[in-house]
Amino acid sequence: MKTLIFHNFHKLQGPWIFMGLLVLCLFINCSTFAQQTQVESKPSPVKKEKPDYSNLPKNPRKATIMSAILPGAGQIYNNKAWKVPILYAGIMTDVYFIRFNNRRYQVFRQALFDFDDGNINDFPNLNREALVRNVDYWRRNRDLCYLLLAGIYALNLIDANVDAHLSGFDISDDLSLGIEPHVETFSSSNNSLGFSVKLKF
């Protein structure tokens, strides 16, 4: 009896091995295909389209480049020449303070060198710590003025670019915002007084 069961099991073992190998091959092929599909399905990089400024009266790119080459040129291109004196007044004021702070820095720096060398300096009543504090103070002020000058230059570029972008913005008289007095009648004996805001297109 045991021999018969083993013989029948041995007969069935061949087809089961074949089926197992077939399933294994299918599984390997499916996983390989899935990996290839994942690799192939990567999205292609999207090309960035250049902005179209053809519908604007002023070209923002041109205005920015002009202001980068010569501060104020972009403002003139945008028909905002009244901003140029303000811009150059800010630049000249900042340059003045750069020179002023640098002169004070150089004076205290030389006084510190003279103090360290044992020579008479311009500030005999100051000790070394006071001289070092003054050197640091005037150098820091000078460096902050340099940063402010860079900020004025950057503001000049931003202003030219924004003005050019807004050159197509409608600010005609057809657009208006008005505030008018308004009387609301609820009944024959009850009136309410107020204001109404009207936006006309």
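Predicted model: local features only at pLDDT ≥ 70, side-chain atom pairs only at ≥ 80, totals over all residues.
Visitor: What does the same check give for helix 5?

Guide: Helix 5 has 38 residues, which at 1.5 Å a residue should span 56 Å. Its end C-alpha atoms are 55 Å apart, so the two values agree.

Visitor: Let me step back to the overall layout. Which elements does the chain have, and in what order do they run?

Guide: There are five helices and two strands. Reading from the N terminus, the order is α-α-α-α-α-β-β.

Visitor: How many residues are there, and what share of them counts as buried?

Guide: The chain has 201 residues, and 19% of them count as buried. Its accessible surface comes to about 16300 Å², with 65% of that belonging to carbon and sulfur atoms. For contacts, take those between residues at least 6 apart in sequence: 47% of them join residues at least 24 apart.

Visitor: Which residues of helix 4 are buried?

Guide: Among them are Lys83, Val84, Leu87, Ile91, Asp94 and Ile98. Further along helix 4, the buried residues include Tyr105, Phe108 and Leu112. The cover over the buried residues of helix 4 includes helix 3 and helix 5. Just after helix 4 comes Gly118, with a positive phi of about 85°.

Visitor: And what covers the buried residues of helix 5?

Guide: The cover there includes helix 2, helix 3 and helix 4. The buried residues of helix 5 include Leu131, Val135, Trp138, Cys145 and Ile152, and also Asn156 and Asp163.

Visitor: What do the side chains of Lys83 and Asp163 form where they meet?

Guide: The general idea is that side chains of opposite charge can pair when their charged atoms come close. Here the side chains of Lys83 and Asp163 meet in a salt bridge, at 2.7 Å from N to O. Lys83 lies in helix 4 and Asp163 in helix 5, so this pair ties together parts that are 80 residues apart in sequence. Asp163 is also buried, at 12% relative accessibility.

Visitor: Which residue does Lys80 pair with?

Guide: Lys80 forms a salt bridge with Asp163, and their closest N and O atoms are 3.5 Å apart. This pair links distant parts of the chain, since Lys80 sits in the loop between helix 3 (73-77) and helix 4 (83-117), while Asp163 is in helix 5 (residues 128-165), 83 residues away. Lys80 counts as partly exposed, at 28% relative accessibility.

Visitor: How many salt bridges does the structure hold?

Guide: The structure holds six salt bridges. Another one of them is formed by the side chains of Asp136 and Arg139, at 2.8 Å from N to O. Asp136 and Arg139 both lie in helix 5, three residues apart, which is about one turn of the helix. Asp136 is partly exposed, with a relative accessible area of 29%, and Arg139 is partly exposed too, with 31%. As for networks, salt bridges that share partners join Lys80, Lys83, Asp159 and Asp163 into one.

Visitor: Turning to the surface, which residues form a nonpolar patch?

Guide: Look for Ile65, Ile69 and Leu70. Together they have about 320 Å² of accessible area. Ile65 belongs to helix 2 (residues 60-69), and Ile65 is partly exposed, with a relative accessible area of 42%.

Visitor: Where should I look again if I want to revisit the link between helix 4 and helix 5?

Guide: From Asp163 you can go on to Lys80, the partner in the loop between helix 3 and helix 4.

How values were computed
Residues numbered from 1 in each chain as written. Heavy atoms only, no water. Helix = DSSP H or I, 4+ residues; strand = E, 2+ residues; numbered from the N terminus. Buried < 20%, exposed > 50% of the residue type's maximum accessible area, 1.4 Å probe, protein only. Contact = heavy atoms within 4.5 Å. Areas by Shrake-Rupley, 256 points an atom, 1.4 Å probe, with all protein chains shown as cover. Salt bridge = Lys/Arg side-chain N within 4 Å of Asp/Glu carboxyl O. Patch = residues over 30% accessible without salt bridge, like charges linked within 9 Å, V, L, I, M, F, W, Y side chains within 5 Å. Expected span 1.5 Å × (residues − 1).
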